[in-house]
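This briefing concerns the pockets of one model, together with a helix and a loop residue. Please read it beside the sequence and the coordinates.

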Amino acid sequence: MFEGSCWQGGGGWEHLEVSNNLEELDASVAYYVRTGSWAAGHTFVVRVYRQGELLVERELEPFLTVKVPGLTAMRSAEDGRASGGVPEPGGPYDGMDEAAVWDVLPQEMYEIGSESPEAIEVSVDWDGVALPELVSPALPTGVGVVIEGRALRYGRNSALDGCI
């Protein structure tokens, strides 16, 4: 299961994706990043459950690379330090300092994602994430689950549906 969420005060959003394969999880991560929600921070994890029990939870941030038009590719390290995300010469962020870029980036990513989502390149180093192999019987495609008392359908469970 992939979770990207941000809760603050009385509001926020969540994007949960229940899946039985890496390709679907990869697409879910890309969708979440392209909505601009990732740039706002907070929970960004993948969890593997076996027979209803949490087997492993991994933070995805250190394994994510994002390339937004006008900025160099961005990557975070395990210590939380980011690299990249520097304005490219002649691009829309040219001349902006880092704080100014991050002030506008979530909304800009949402707009780019709405108009042409593939323009935002998203890749996860799944080998580095090192998820355990799924063992039989895997969750059948289309079958929902109950996790921590919450019923989730197979696939996307998201407050962000319709964002891109």
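**Pockets and their surroundings**

The second largest pocket has a volume of about 200 Å³. It is lined by 17 residues, of which A82, G84, G85, E98 and W102 are the closest to its centre. This is a predicted model, in which local features need pLDDT of at least 70 and side-chain atom pairs count only at pLDDT 80 or more, while totals for chains, interfaces and linings use all residues. Residues are numbered from 1 along each chain as its sequence is written, and side-chain values use heavy atoms, with hydrogens and water left out.

**Terms for pockets**

- A pocket is an open set of points on a 1 Å grid over the protein atoms alone, where a 1.4 Å probe fits and protein lies on both sides within 12 Å along at least five of seven lines; lining residues have an atom within 4 Å of a point.
- A volume is the space filled by probe spheres set on the points, which are joined across faces, edges and corners.
- Helices (H or I, at least four residues) and strands (E, at least two) are DSSP runs numbered from the N terminus.

**Second largest pocket**

- β6 (74-76), β7 (82-83) and α2 (98-115) each give two or more residues to the lining of the second largest pocket.
- This lining divides into nine nonpolar, four polar and four charged residues, where Ala, Val, Leu, Ile, Met, Phe, Trp, Tyr, Cys and Pro count as nonpolar, Asp, Glu, Lys and Arg as charged, and the others, Gly among them, as polar.

**Largest pocket**

- The largest pocket holds about 690 Å³ of space.
- Its lining comprises 27 residues, with S19, V48, Y49, L134 and L139 nearest the centre.
- The lining of the largest pocket has 18 nonpolar, six polar and three charged residues.
- β3 provides the largest share of this lining, four residues.

- S19 is found in the loop between β2 (11-18) and α1.
- S19 counts as buried (under 20% relative accessible area, with a 1.4 Å probe and protein chains only) because its relative accessibility is 14%.

**Helix α1**

- N21 caps the N-terminal end of α1, with a side-chain oxygen 3.2 Å from the backbone nitrogen of E23.
- The buried residues of α1 are L25, S28, V29, A30, Y31, Y32 and V33.
- G36, which follows α1, has a positive phi near 90 degrees.

Methods:
Buried means under 20% relative accessible area, exposed over 50%, partly exposed in between (1.4 Å probe, protein chains only). A polar contact is a pair of N or O atoms within 3.5 Å; within protein, one must be able to donate a hydrogen and the other to accept it, and residues adjacent in sequence count only if both atoms are side-chain atoms.
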